[in-house]
Amino acid sequence: MSVKNIMIVGVGGQGTLLASKLLGYVLLNEGYDVKVSEVHGMSQRGGSVVTYVRYGDKVYSPVIDKGEADVIVSFEELEAARWLEYLKNGGQIITNTQQVEPMPVIIGAAEYPENLIEKMKAAGAKVDSGDFLKIAEEAGSAKAVNIALMGRMSKYFDIPEEKWLAAIDAVVPPKFRELNKLAFTLGAKA
């Protein structure tokens, strides 16, 4: 199998690292060679965070270059648009419709861009968008938006749901497992 490339992007504190850990765990258990690279940016201050997940028969580098991502999973609309140049032609974006205002918008130096979903589609991306924050809240916590998005992304894989749920057992602390399993299931059904 050729190498597949997935980028998980968001804002610091949204759970991109846990999402990449969950995905890496599932893919390793499916027998793939997996490389995960975490690029933090200004994560502690609400800045952009990106994680690369590459998998296949043999992966030599954890880095994804512009135009190479098969899938971008985004926890926030502007982050999906920010990383769009990394998506290959015909690539898939899975994005939360939540809008987290960056500092220039908060201080009034800029406005949050409008119609980002439409603009990404016009640029040739396939976009699967939804209110995954609402789904996470239905599961019991807004912090589970990352796992709700992983549930949605799981629909693009031929990997049974029980394997994803077993991965949640392996990577999520015990007191949050049931909540995250519910968020995953609701995200998958969205």
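Predicted model: local features only at pLDDT ≥ 70, side-chain atom pairs only at ≥ 80, totals over all residues.
User: Which strand holds L87?
Analyst: L87 lies in strand β5, which covers residues 87-96.

User: Is L87 buried or exposed?
Analyst: L87 has a relative accessibility of 10%. Buried means under 20%, so L87 counts as buried.

User: What is L87 in contact with, leaving aside neighbours within four places in sequence?
Analyst: L87 touches G67, A69, D70, V71, I72, Q92, I93 and A125.

User: Changing topic: at what angle do α7 and α8 pack?
Analyst: Helix α7 (residues 161-171) and helix α8 (residues 177-189) pack at about 150 degrees, and their axes are 10 Å apart. The two helices are therefore roughly antiparallel. Their crossing is right-handed.

User: Which residues meet there?
Analyst: From α7, E161, W164, L165, I168 and D169 meet R177, N180, K181, F184 and T185 of α8. The residues of this contact comprise four nonpolar, two polar and four charged.

User: Which residues of α8 are buried, and what covers them?
Analyst: The buried residues in α8 are N180, K181, A183, F184, T185, G187 and A188. Their cover includes α5 (132-139), α6 (145-154) and α7.

User: And how far does α8 reach?
Analyst: The 13 residues of α8 reach 18 Å from first C-alpha to last, close to the 18 Å expected at 1.5 Å a residue.

Terms used
Residues numbered from 1 in each chain as written. Heavy atoms only, no water. Axes fitted to C-alpha atoms, helices over the stretch in contact; angles between N-to-C directions. Helix = DSSP H or I, 4+ residues; strand = E, 2+ residues; numbered from the N terminus. Parallel < 35°, antiparallel > 145°, perpendicular 65-115°, else oblique. Left-handed = near helix turned anticlockwise from the far one by under 90°. Contact = heavy atoms within 4.5 Å. Nonpolar A, V, L, I, M, F, W, Y, C, P; charged D, E, K, R; others polar. Expected span 1.5 Å × (residues − 1). Buried < 20%, exposed > 50% of the residue type's maximum accessible area, 1.4 Å probe, protein only.
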